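Please keep the sequence and the model in view while reading.

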Amino acid sequence: MSQVRLRQVLSDLPAYVAGKGDAGKVVKLSSNELPFPPSKPIIEAGKQALVGTNRYPDAIGGNLVAKLAAHYHLDPCQVVVGPGSIQVLANALSAVAQAGNNVVYAWRSFEAYPILVGITGASSRQIPLNSDGSHDLDAILSAVDENTAAVILCSPNNPTGPSLTQTQVREFLAALPAQVLAVLDEAYFEFDTSPGHVDGVTLLADFPNLLVLRTFSKAYGLAGLRCGYGLTSSFLAEAIRKVATPFGLSAVAEACALAALADEAAMRSQVSQVCKEKARLLSELRNLGWTIPQAGGNFIWFAGQVGEQIQAAALSQGVQTRGFPEGVRVTIGSRAENDQFLAAISSLKPC
């Protein structure tokens with residue numbers, strides 16, 4: 001029986017592997033989710049939005065666009081929203097990349113990058129990380145050529161944790177050809193307390209080829225609603241909107257994001273709790289002899305083959321972590337969850 005002919009590129013796409021675990025049955029430290037439930041104002045905003053779901057949402061999430069523009073002191077034409085920052089990135093790559101192009105990014109980094117690049121028909125140029133899990137910016141720049149459509153930087157880098165500095169990124173952007181899209185993925189920006197870490201928003205005025213990605217899935221705790229956004233030049237924002245699915249952001253997600261954005265104090269308080277737990281966990285692990293790289297996000301990274309041992313030991317005690325060929329990533333959960341993880345790996349030899 002004949003079958004529908006699929007694009008050849010699909011046979012080469014890696015599958016996205018989500019962090020496993022049922023938070024009701026195990027301690028789920030595999031998906032970098034916030035360990036706190038949504039606040040009452042967020043829940044109420046979602047309920048109110050549900051009443052009108054017989055109607056389509058705003059085509060471009062206009063209310064959220066306006067609030068984000070005011071929040072970042074930008075023009076609304078510089079803001080795009082979508083069902084997760086991953087979709088904003090997908091749209092941006094669709095606008096600039098095609099067969100014959102390449103997209104350059106550090107590796108290992110967010111595992112959706114090769115999938116999104118491959119869908120466009122472009123090829124990926126994956127640049128190995130430095131030994132400490134950070135980006136090798138010189139090597140990334142060296143890989144850029146006349147066929148490069150985009151470069152993606154991830155800070156803090158998921159899953160390894162190190163951040164880029166403001167100086168590093170500014171110098172990188174100054175050296176990057178202006179016709180190449182520069183994506184700065186800052187999904188974990190709010191958790192980053194590293195001195196001098198990059199804030200992509202402050203670079204937008206000087207680099208019109210820059211797209212800064214942020215999300216409500218992490219620090220704002222709205223992972224189940226899929227709401228992210230991009231900040232960029234009006235030129236690039238218009239191009240991203242052209243390839244975006246109309247009505248892509250649900251009315252419920254927009255309403256909840258607006259409620260979350262209106263209560264920055266609550267978000268800051270929860271992020272502070274996560275960061276304090278991260279500092280405690282890092283201190284205990286390093287005192288025990290574990291080598292943990294800089295952790296700018298809401299997770300920590302164990303590099304090397306010991307990751308398999310950590311993942312197995314944690315799972316045997318009901319703690320789900322996220323394994324990769326290069327190591328294992330562990331989300332910062334509640335104090336009790338973190339203590340359960342520490343107890344689970346207490347019999348392992350630090351390295």
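Helices (H or I, at least four residues) and strands (E, at least two) are DSSP runs, numbered from the N terminus. The model is a predicted one, in which local features need pLDDT of at least 70 and side-chain atom pairs count only at pLDDT 80 or more, while totals for chains, interfaces and linings use all residues. Residues are numbered from 1 along each chain as its sequence is written, and side-chain values use heavy atoms, with hydrogens and water left out.

Leu-164 lies in the loop between strand 5 and helix 6. Thr-215 has its place in strand 7. Lys-218 belongs to the loop between strand 7 (210-215) and strand 8 (228-231). The table gives the relative accessible area of each; buried means under 20%, exposed over 50%, and partly exposed in between (1.4 Å probe, protein chains only).

| Residue | Relative accessible area | Class |
|---|---|---|
| Leu-164 | 4% | buried |
| Thr-215 | 3% | buried |
| Lys-218 | 16% | buried |

The UniProt record, an unreviewed entry, places the feature "modified residue: N6-(pyridoxal phosphate)lysine" at Lys-218. UniProt positions are given in the numbering used here, feature names are shortened, and annotations may be inferred rather than shown by experiment. Contact means heavy atoms within 4.5 Å. Leaving aside neighbours within four places in sequence, Lys-218 is in contact with Ser-31, Asn-32, Leu-34, Ala-187, Tyr-188 and Phe-191. A polar atom of the Lys-218 side chain lies 3.5 Å from the backbone oxygen of Ser-31. A polar contact is a pair of N or O atoms within 3.5 Å; within protein, one must be able to donate a hydrogen and the other to accept it, and residues adjacent in sequence count only if both atoms are side-chain atoms.

Which backbone atom does the side chain of Thr-215 reach at 3.0 Å? That atom is the backbone nitrogen of Ser-217. The Thr-215 side chain also reaches the backbone oxygen of Cys-227, at 3.4 Å. Not counting residues up to four places away in sequence, Thr-215 touches Ser-85, Ala-187, Tyr-220, Cys-227, Gly-228 and Tyr-229.

With neighbours within four places in sequence again left aside, the contacts of Leu-164 include His-135, Leu-137 and Val-169. Leu-164 and Gly-62 are 102 residues apart in sequence and 31 Å apart in space, C-alpha to C-alpha.

In strand 6 (residues 181-185), five of the five residues are buried. Leu-181, Val-183 and Asp-185 cover one face, and Ala-182 and Leu-184 the other. Two strands pair if DSSP finds at least two bridges between them. Strand 5 (residues 148-154) runs parallel to strand 6 and is joined to strand 6 by five bridges, with Cys-154 opposite Asp-185. Strand 7 also pairs with strand 6 in the parallel sense, over four bridges, and here Val-183 stands opposite Leu-211.

**Nonpolar cores**

A nonpolar core is a set of buried Ala, Val, Leu, Ile, Met, Phe, Trp, Tyr and Cys residues joined through side-chain atoms within 4.5 Å. The largest has 83 residues, and Phe-216, Ile-300 and Phe-302 have the most contacts inside it. Helix 8 (residues 251-262) gives the largest share of this core, eight residues. A second, separate core of 27 residues includes Val-80, Tyr-113, Leu-116 and Leu-236.
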